[in-house]
Amino acid sequence: FSFGGSDNKTASANLLYSYRVDNGGWSAYSNQTSATLPSLSDGDHTFYVKAKDEAGNEDADPATRSFTVEARSPKVERWSPTGTKASRLGNIPATFSEPMKLTTITTSNIKVAAGSKTVPVAVTLSADAKTATIDPSQALLANKKYTVTITTAVQDLHGKALDQDSS
C-alpha cells in the first residue's frame with residue numbers, strides 16, 4: 001500500500017504515518033509512505049493508516065481501504081453420489097470449496113460425456129452458490145462409463161479459476 005497526507009501547518013514531507021491491518025496493532029510512526037503487508041489469510045481485510053504532524057497531533061479519522069486476499073483456487077470438494085456408480089436418471093451434484101460465480105456455471109463449462117459423445121445436460125447453481133447440479137437430459141446407460149468435466153472457465157466470486165489438480 002502507498003499513502004500520503006497533508007496538513008495545514010506541517011509540510012507533507014514531515015508527516016509521520018502509522019498503519020494496521022484489521023484489528024491488529026498499529027505500527028510505529030515513521031516517515032515511510034508505503035507498507036508491504038505480511039502474509040494474510042484468504043478473505044476480506046481492511047488496511048488503516050493515520051498521520052501525525054510535527055506538533056504530535058494524530059489523525060482522529062484514519063483512512064481505510066478494504067480488500068480481499070484470494071490465494072487459493074476453488075476446488076470441487078465433493079461429488080455425489082460417491083464411488084463409481086450413479087443413478088441412471090439422477091442428478092449429479094458437485095460441491096465446491098467456496099461460492100462460485102453464477103455466470104460461469106454453464107453447459108459450455110460443465111459437460112458429461114461417454115467417450116467422445118457428449119450428453120446434453122442442464123446445470124443449476126444452489127442458492128449458496130456452492131453446489132452445481134448437473135442434470136443429464138437423457139437416462140445414462142447402464143454399464144457405460146461417463147466422465148464429468150468442469151473446466152477452468154468455472155470461477156469463484158473473485159474470478160479465480162477452478163483448480164484442476166485432482167489430488
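Three salt bridges occur in the structure, which is a predicted model. They are listed below with the distance between nitrogen and oxygen.

| Arg72 | Asp42 | 2.8 Å |

Arg72 is exposed, at a relative accessible area of 56%, while Asp42 is partly exposed at 24%.

The bridge between Asp163 and Lys75 links distant parts of the chain, 88 residues apart. Asp163 belongs to the segment after β10 (147-150), and Lys75 to the loop between β3 and β4. Asp163 is partly exposed, with a relative accessibility of 26%; Lys75 is partly exposed as well, at 30%.

Glu58 is partly exposed at 45%. Another charge placed over a ring is that of Arg20, which lies over the face of Tyr48 at 4.5 Å from the ring centre.

Among the rings themselves, six aromatic pairs are counted. One aromatic cluster is made up of Phe1, Phe3, Tyr17, Tyr19, Phe47 and Phe67.

The largest nonpolar core has 18 residues, and the members that touch the most others are Phe96, Ile105, Ile110, Ile150 and Val154. At least two residues of this core come from each of β5, β6, β8 (121-125) and β9 (131-136). Apart from this core lies another, of 10 residues, including Leu15, Tyr17, Phe47 and Phe67. Tyr17, Phe47 and Phe67 also belong to the aromatic cluster.

Beyond its neighbours within four places in sequence, Ile150 contacts Val76, Trp79, Ala94, Phe96, Asn109, Ile110, Leu162 and Gln164. Thr104, with the same exclusion, contacts Asn109, Ala153, Val154 and Gln155. Thr104 lies in the loop between β5 (92-96) and β6 (110-114) and is buried, at 8% relative accessibility. Its side chain reaches the backbone oxygen of Lys101 at 2.8 Å.

Notes:
Residues are numbered from 1 along each chain as its sequence is written. This is a predicted model: local features need pLDDT of at least 70, side-chain atom pairs count only at pLDDT 80 or more; totals for chains, interfaces and linings use all residues. Side-chain values use heavy atoms; hydrogens and water are left out. Rings of Phe, Tyr and Trp (its six-membered ring) pair if their centres lie within 6.5 Å; planes under 30 degrees apart count as stacked, over 60 as edge-to-face and the rest as tilted. A charge sits over a ring if NZ of Lys or CZ of Arg is within 6 Å of the ring centre and within 35 degrees of the ring normal. Helices (H or I, at least four residues) and strands (E, at least two) are DSSP runs, numbered from the N terminus. Buried means under 20% relative accessible area, exposed over 50%, partly exposed in between (1.4 Å probe, protein chains only). A polar contact is a pair of N or O atoms within 3.5 Å; within protein, one must be able to donate a hydrogen and the other to accept it, and residues adjacent in sequence count only if both atoms are side-chain atoms. Contact means heavy atoms within 4.5 Å. A nonpolar core is a set of buried Ala, Val, Leu, Ile, Met, Phe, Trp, Tyr and Cys residues joined through side-chain atoms within 4.5 Å. A salt bridge is a side-chain nitrogen of Lys or Arg within 4 Å of a carboxyl oxygen of Asp or Glu.
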